[in-house]
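Please open the model in a viewer and follow the stops below in order. Each stop gives a selection and then describes what is found there.

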Amino acid sequence: MEPKPWYLDPHVVWPLFPLLMLIVIVCLTWAMVRVVRRAQGTTAVRLQAAALVCYLLAAGAALASEARVMPAFIHRPFSLLAQLAIALALFHLWGKDRSMVNLNGIAWAAILADTALHYILHR
């Protein structure tokens, strides 16, 4: 097995994980504020609230697993639920509000980038 290149060293890539988490939290919070202010309807508000709450639970569980307080796999179901809520919000708001679609799309892309980085680093 050959060694990993320097740019895939966990010490180099690690700062990307908190940055991606921050991007997701900012986008989902911003989307939650916009959906409430624009009165998009109860379905849109519930989907955005579910996405934000599930991701905050996933982030909290991930931080707790980094501190060795709980197992590392606990954050995965919350992350999957957040992704499901984001996907449903995207489908619900598609064609109605482009800015909401962009915010949810950026959040989802950051979650998928986090997943891809984990896969690359643990491979």
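**Stop 1: a buried asparagine**

Select asparagine 104, which is buried at 0% relative accessible area; buried means under 20%, exposed over 50%, and partly exposed in between (1.4 Å probe, protein chains only). This is a predicted model, in which local features need pLDDT of at least 70 and side-chain atom pairs count only at pLDDT 80 or more, whereas totals for chains, interfaces and linings use all residues. Residues are numbered from 1 along each chain as its sequence is written, and side-chain values use heavy atoms, with hydrogens and water left out.

Asparagine 104 belongs to helix H5; helices (H or I, at least four residues) and strands (E, at least two) are DSSP runs, numbered from the N terminus. Not counting residues up to four places away in sequence, asparagine 104 touches Leu28, Ala31, Gln48, Ile86, Ala89, Leu90 and Leu93, where contact means heavy atoms within 4.5 Å.

**Stop 2: the nonpolar core**

Next, select Val24, Leu28, Tyr55, Ile86 and Ala107, the residues with the most contacts inside the largest nonpolar core, which has 29 residues. A core of this kind is a set of buried Ala, Val, Leu, Ile, Met, Phe, Trp, Tyr and Cys residues joined through side-chain atoms within 4.5 Å. Two or more residues come from each of helix H2 (16–37), helix H3 (42–66), helix H4 (75–93) and helix H5 (98–121). H2 gives the most, with nine residues. Centre the view on alanine 107: leaving aside neighbours within four places in sequence, alanine 107 is in contact with Val24, Cys27, Leu28 and Ile86.

**Stop 3: two loop residues**

Move to tryptophan 14, in the loop between helix H1 (10–13) and H2. Tryptophan 14 is partly exposed, at 48% relative accessibility. Draw a C-alpha to C-alpha distance from tryptophan 14 to leucine 121: the two are 107 residues apart in sequence and 9.7 Å apart in space.

Finish at arginine 68, in the loop between H3 and H4. Arginine 68 is exposed, with a relative accessible area of 73%, and its phi is near 65°, a positive value in a residue other than glycine.
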